[in-house]
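Here are my comments on the model, as numbered points. Please read them beside the structure.

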Amino acid sequence: MSRIPQPTLSLQANFASDLPELCVPWQAEEAPEPRLLVVNEPLAADLGLDPEWLRSQEGIGLLTGNRVPEGATPVAQAYAGHQFGSYVPRLGDGRALLLGEITDTGGHRRDIHLKGSGRTPFARGGDGRAVVGPMLREYLVSEAMHGLGIPTTRSLAVVATGRTVLREEGPLRGAVLTRVASSHLRVGSFQYARHHEDPAVLRRLADQAVALHHPAAAQDENPYLSLLRGVITAQAGLVARWLLIGFVHGVMNTDNMTISGETIDYGPCAFMDAFDRNAVYSSIDTGGRYAYGNQPAVAQWNLARFAEALLPLLDENEDRAVALATEALGEFPREFGAAFSTGMRAKLGLPADSPDETVGPLIDDLLALLQQDHVDYTQFFRRLGQAARGDLGPVRAVFTDRPTLDAWIERWQSFTPNPEAMDRANPAYIPRNHLVEEALEAATADDLAPLHRLLEAVSEPFRERPGFERYAEPPPEDFGRYRTYCGT
């Protein structure tokens with residue numbers, strides 16, 4: 001593994017040095033013929049990296065993990081997790097590496113992480129590689145989430161490795177994604193540490209989580225209880241924002257829930273077209289555990305597993321620790337409900353001080369209407385913005401039960417909704433599933449133009465622009481039932 005001269009770039013190794021029990025030093029598989037497919041220039045600038053340098057041989061070497069700075073210590077992180085409700089005590093980065101941490105231009109620590117960089121000791125029989133389509137999907141969807149203002153890991157680049165990767169559908173082009181996050185600490189990290197033979201590991205992990213993500217907790221009488229409450233609040237707000245935008249994560253295992261409150265792991269995810277509380281897009285979620293409408297309950301369940309891991313730190317007396325954790329977890333429904341209500345008020349253009357006793361039923365009745373007529377979720381709210389300006393035709397056109405809709409609109413209009421506020425809360429463009437598939441199919445055939453055009457749309461999702469009309473339209477009728485797969 002060759003090294004980049006120190007003056008070019010410095011990568012810190014805080015996780016590797018502070019928590020060696022939770023990682024294994026490792027190096028990326030050599031990429032035989034690396035070729036940069038896409039680089040995120042605004043993100044690179046935020047990180048203090050020159051996009052042109054990233055396009056150079058040395059930059060691409062960093063993005064594949066084959067040329068890292070002096071002093072860097074790439075590691076595969078260890079964690080456990082509940083996968084579809086079943087506990088697995090040892091998961092970890094099977095095809096990923098934390099290259100290290102960088103301080104961005106705002107003074108914040110950011111992880112530089114690779115996905116698809118080859119087998120690690122946690123590979124569990126896999127080849128540790130990734131392919132072009134799925135890595136571009138994560139790049140696209142994570143950047144769309146960022147454009148929507150939803151906390152998320154981000155994508156810096158995708159590099160084709162020049163290696164052929166064998167999958168069920170045949171030989172595919174290998175690729176590596178460079179992911180950026182405020183950290184990769186997960187609920188699963190705490191589950192792993194909780195059962196480590198050295199009890200001090202859990203405390204050191206919790207102290208790092210406090211320092212990175214909930215620093216105010218360090219001043220509290222019980223900082224670990226404050227950490228638990230902080231993560232509950234962050235995740236309640238995050239999942240509420242998922243629902244508000246129609247996002248279905250698809251694989252909400254505990255190893256995919258961050259302590260930071262950032263969305264992580266864009267595998268079998270999708271944005272809803274027609275509103276459906278039972279929407280499932282993952283091919284392996286046959287029971288609907290991670291359906292759109294189940295996401296709040298699953299988040300609370302995951303947070304209970306986090307609380308269980310923290311019990312030894314909450315109180316020396318187990319009964320008191322359980323009582324403290326139970327009380328904290330009991331706040332999740334209120335936290336989620338408040339975040340969802342606030343967000344839905346914004347989507348409907350309602351004054352912030354509108355009384356709950358009238359707004360609550362208004363929201364519930366609307367969601368029932370959308371479910372009944374399977375109305376396109378994103379398009380509906382943009383058309384409702386037109387209704388707030390006096391043009392009811394477009395929104396009425398997508399409903400069959402118009403008398404019920406008209407009665408609801410009359411109630412809604414009594415609040416004098418603000419259409420400009422609605423436009424700021426309701427995107428015109430999301431990464432619609434048919435457009436994502438179109439872009440990825442073209443990209444795998446070396447045509448990146450559709451991907452860049454879709455990225456252009458979703459990077460500024462609230463501003464309607466001429467020439468982007470098709471990106472605001474629902475899928476064609478023949479698109480059919482959409483399915484995504486793990487690793488995609």
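1. Asn 256 sits in the loop between strand E13 (247-248) and strand E14 (270-271); strands are DSSP runs (E, at least two residues) and helices are DSSP runs (H or I, at least four), numbered from the N terminus. Asn 256 counts as buried at 9% relative accessibility, where buried means under 20% relative accessible area with a 1.4 Å probe and protein chains only. Leaving out residues up to four places away in sequence, Asn 256 touches Arg 186, His 249, Val 251, Ile 264 and Asp 265 (contact: heavy atoms within 4.5 Å).

2. The model is predicted: local features need pLDDT of at least 70 and side-chain atom pairs count only at pLDDT 80 or more, while totals for chains, interfaces and linings use all residues. Residues are numbered from 1 along each chain as its sequence is written, and side-chain values use heavy atoms, without hydrogens and water.

3. An unreviewed UniProt entry places the feature "binding site" at Asn 256 and Asp 265; such annotations may be inferred rather than shown by experiment. From this set, Asn 256 is part of the lining of the second largest cavity. Asp 265 also lies in the loop between E13 and E14. With residues up to four places away in sequence not counted, Asp 265 touches Lys 115, Arg 179, His 249, Val 251 and Asn 256.

4. The second largest cavity has a volume of about 70 Å³. A cavity is a set of points, on a 1 Å grid over the protein atoms alone, where a 1.4 Å probe fits but cannot get out, and lining residues have an atom within 4 Å of a point. Of the 14 lining residues, Gln 235, Trp 242, Met 252, Asn 256 and Met 257 lie nearest the centre. Helix H8 (residues 223-245) gives the most to this lining, with four residues.

5. Asp 376 is placed in the loop between helix H12 (356-373) and helix H13 (377-388). Asp 376 is buried, with a relative accessible area of 9%. Its side chain makes a polar contact with the side chain of Arg 432 (2.8 Å); a polar contact is a pair of N or O atoms within 3.5 Å, and within protein one must be able to donate a hydrogen and the other to accept it, with residues adjacent in sequence counting only if both atoms are side-chain atoms.

Technical notes. Buried means under 20% relative accessible area, exposed over 50%, partly exposed in between (1.4 Å probe, protein chains only). On a 1 Å grid over the protein atoms alone, a cavity is a set of points where a 1.4 Å probe fits but cannot get out, and a pocket is an open set with protein on both sides within 12 Å along at least five of seven lines; lining residues have an atom within 4 Å of a point. Grid points are joined across faces, edges and corners, and a volume is the space filled by probe spheres set on the points.
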